[in-house]
Amino acid sequence: MDKKTWEEKHVEPTLKRFPERKATFETSSGIPLGRLHTPDTLDANYHEQLGFPGQYPFTRGVQPTMYRGRFWTMRQYAGFSTAKESNERYKFLLSQGQTGLSVAFDLPTQIGYDSDDPMALGEVGKVGVSIPTLDDMAILLDGIPLDKVSISMTINAPASVLLAMVIAVGKRQGVEPKQLRGTIQNDILKEYIARGTYIYPPRPSMRLITDVFDYCSREVPRWNTISISGYHIREAGSTAAQEVAFTLANGIAYVQAAMDAGLDVDVFAKQLSFFFNAHNNFLEEVAKFRAARRLWAKIMKDRFGAKDPKSWRLRFHTQTAGSTLTAQQPENNVVRVAIQAMAAVLGGTQSLHTNGRDEAIALPTKEAAQIALRTQQIIAHESGIGDTVDPFAGSYAVEYLTDQVEAKAQEYINNIDEMGGALSAIEAGYVQGEIHEAAYQYQRALEKEEEIVVGVNRFTVEEENPIDRMKLDPSIEAAQCARLKAIRERRDNDKVTELRGQLATAANSDDNLMPLFVECLEHDMTLGEICHTLRDVWGEYRPTL
Amino acid sequence: MQKTPRILIAKPGLDGHDRGAKVIARALRDAGMEVIYTGLRQTPEMIVNAALQEDVDSIGLSILSGAHPVILPRIMDLLKENDMEDVPVFLGGIIPDDDIPAMLDIGVAAVFGPGTSLEKITDFIWQTVAEAEA
């Protein structure tokens, strides 16, 4: 029987008796899904489109054996209150089988304000840990062997300063910069687009980033110098194809900036990493990761002429989608997280964060964090999906979606190129506008019940204070201010004044700022003081609304 | 016929999560209101000043960082100092259930948690603005 006969003889009569649930079935990116995908929708050029794992174009994964060798790194994003309390949570997570750390900083730290800055009011230690000084970083990483445990830090505008803190703490622990392993997010473009923790205007911000690329290629070679992030773009409401497109367009801008600064692509490119969202539409998500890998490989090889295969590989971290979690019937979130995490694993992620079930209410409790970690461990050790490489390859539907996501993302990248690149497109508000439009249409679809969220617009129940929530001690703001005051009294303030002058001069030069950041921190200059010195020279970014 | 309400939508504190604020701003515009959106990183002083300058009928605040117990009392005090306590303030974002009574006590008119429909928020504003006018 051929497909046409099957449709006429079997599908048509069935449709007459049982119409389908919808007239059309579409993914988040507006890609139509067929009733049945068959070999005729498959681009049959296996070697060109898929290849082998660890080989160009890396559709099937960046490594030949993938999870048969080693599972992905289980890396739970955590941090709150003071360095001491966060250090305790990290040690708990490591004792429970977590394999890498991921540090969440509070907003004052992320925007370069000390805890006692008037702008920090009410925010100290809230969404992450407060780290305004080298002392705080030393406490945060106390007892954690920096040559063995890799440290990922969600820090952007002041990323280089926080990396300098880790380098300085490593020295105290007797660990050479060359042995340090970890990641800084260091992705300012998506801050302008979607996340909001920018400080400086684009030009000096891009210079800080290329300084890190250059410095780390020589001094900290095992560090991921940037984590080019689609996660927040997706959380802000983009579709899957937009997430890939805008992330890779930002990646193109960073690579171009570094090459323009005179760096060799095959020297810095292998230290680039990515960060994606694992959202609800399961098949599209699996396809999305595969499409992103293939598209980036082509960009690095063809557009930038990178020669080293390591420069072509898109290595990425994944986090499940916080914005899909519901405050209503929060236990259901455990199931959402499990499905999303499976999509990330089937898409070949290098590391994974699974969200706490209580994320729509507060930061995760210890119990919620443990269930989230257990979810990954169950997928790894019980489900068997890591036992063969890229198991969805060859699925007619998944290969079709992979091709479609790639094609849609390429269209967006072409548009952005025509506008003069990611930075111009952001300054024109194009990227933000596309994301906002998608977010608004989704919200409208929810209101019309074209999209269903279980427990929110269907299958609702009356409920009251369903689960315990994490509560933070409000006194820590005052305690952090007192600690800062003591440090400012104890240090050599003449030296600090001298260093501030040196930093301002260096900011106006082309010198790499990294060595000076380390020196400033070792003399107890605070994060806020360093960032304010640079603000005075470079000014602040002001978005157009 | 009711006059067109002018609404200030603001993001107090350092929180960068503005998806909700922007979606609400657009929904209120689509419902026929005039909306002024402040953008990120607004101090209580900046917000109250904007409300005064723009002569708004209602203020919507969105906070997801947990800073509301410190920031909201400041805003409500400043509104009082400026004789604006009759301007209804509504709050959205991540506001835990057990924090809501304290917010209502200091004069917040309503707290809209995750999952609230746009229709509910829009209806609420039409109603409170009409009541404030009457």
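Let's start with chain A. For its 545 residues, a compact globule would have a radius of gyration near 24 Å, and chain A has 24 Å, which agrees. That radius is taken over C-alpha atoms, and the globule rule is 2.2 Å times the number of residues to the power 0.38. This is a predicted model: local features need pLDDT of at least 70, side-chain atom pairs count only at pLDDT 80 or more, and totals for chains, interfaces and linings use all residues. Residues are numbered from 1 along each chain as its sequence is written, and chains are lettered from A and ligands numbered from 1 in the order in which they are written.

Chain A, then. Along the principal axes, its C-alpha atoms fill a box of roughly 90 × 60 × 45 Å. Its secondary structure is 22 helices and ten strands. Helices here are DSSP runs of H or I, at least four residues; strands are runs of E, at least two; both are numbered from the N terminus.

Now the sheets. One open sheet of five strands in chain A has the order 2-3-4-5-6, with parallel pairing. Pairing requires at least two DSSP bridges between two strands. Strand 2 (77-78) and strand 6 (223-224) of chain A stand at the edges with a single partner strand each, so one side of each has no neighbour in the sheet. Strand 2 of chain A is joined to strand 3 (residues 101-104) by two bridges, and the two run parallel. In that pair, A:Tyr77 has A:Ser102 as its bridge partner.

What lies across strand 4 and strand 5 of chain A? Helix 6 (residues 159-173) does, over strand 4 (151-154) and strand 5 (182-184), and the helix runs at about 155 degrees to strand 5. Axes are lines fitted to C-alpha atoms, for helices over the stretch in contact; angles run from 0 to 180 degrees between N-to-C directions.

Another open sheet of five strands in chain A has the order 1-10-9-8-7, again with parallel pairing. Its edge strands are strand 1 (73-74) and strand 7 (226-229), each pairing on one side only. Two bridges link strand 1 of chain A to strand 10 (residues 351-353). There, A:Thr73 stands opposite A:Ser351.

On to burial. In chain A, 51% of the 545 residues are buried. Buried means 20 or more other C-beta atoms within 10 Å of the residue's own, with C-beta atoms placed from the backbone. The largest nonpolar core has 187 residues, and A:Val244, A:Leu248 and A:Ala409 touch the most other members. A nonpolar core is a set of buried Ala, Val, Leu, Ile, Met, Phe, Trp, Tyr and Cys residues joined through C-beta atoms within 7 Å. Helix 10 (residues 240-260) of chain A gives the most to this core, with 13 residues. Leaving aside neighbours within four places in sequence, A:Val244 has contacts including A:Gly230, A:Leu295 and A:Ala409. Contact means C-beta atoms, placed from the backbone, within 7 Å.

Next, chain B. Chain B has five helices and five strands. Along the sequence they read β-α-β-α-β-α-β-α-β-α. Its radius of gyration is 13 Å, close to the 14 Å that the globule rule gives for 134 residues, so chain B is as compact as a globular protein of that length. Buried residues make up 48% of chain B.

Note on methods: A residue is buried if 20 or more other C-beta atoms lie within 10 Å of its own, exposed if 12 or fewer, and partly exposed in between; C-beta atoms are placed from the backbone. Two residues are in contact if their C-beta atoms, placed from the backbone, lie within 7 Å.
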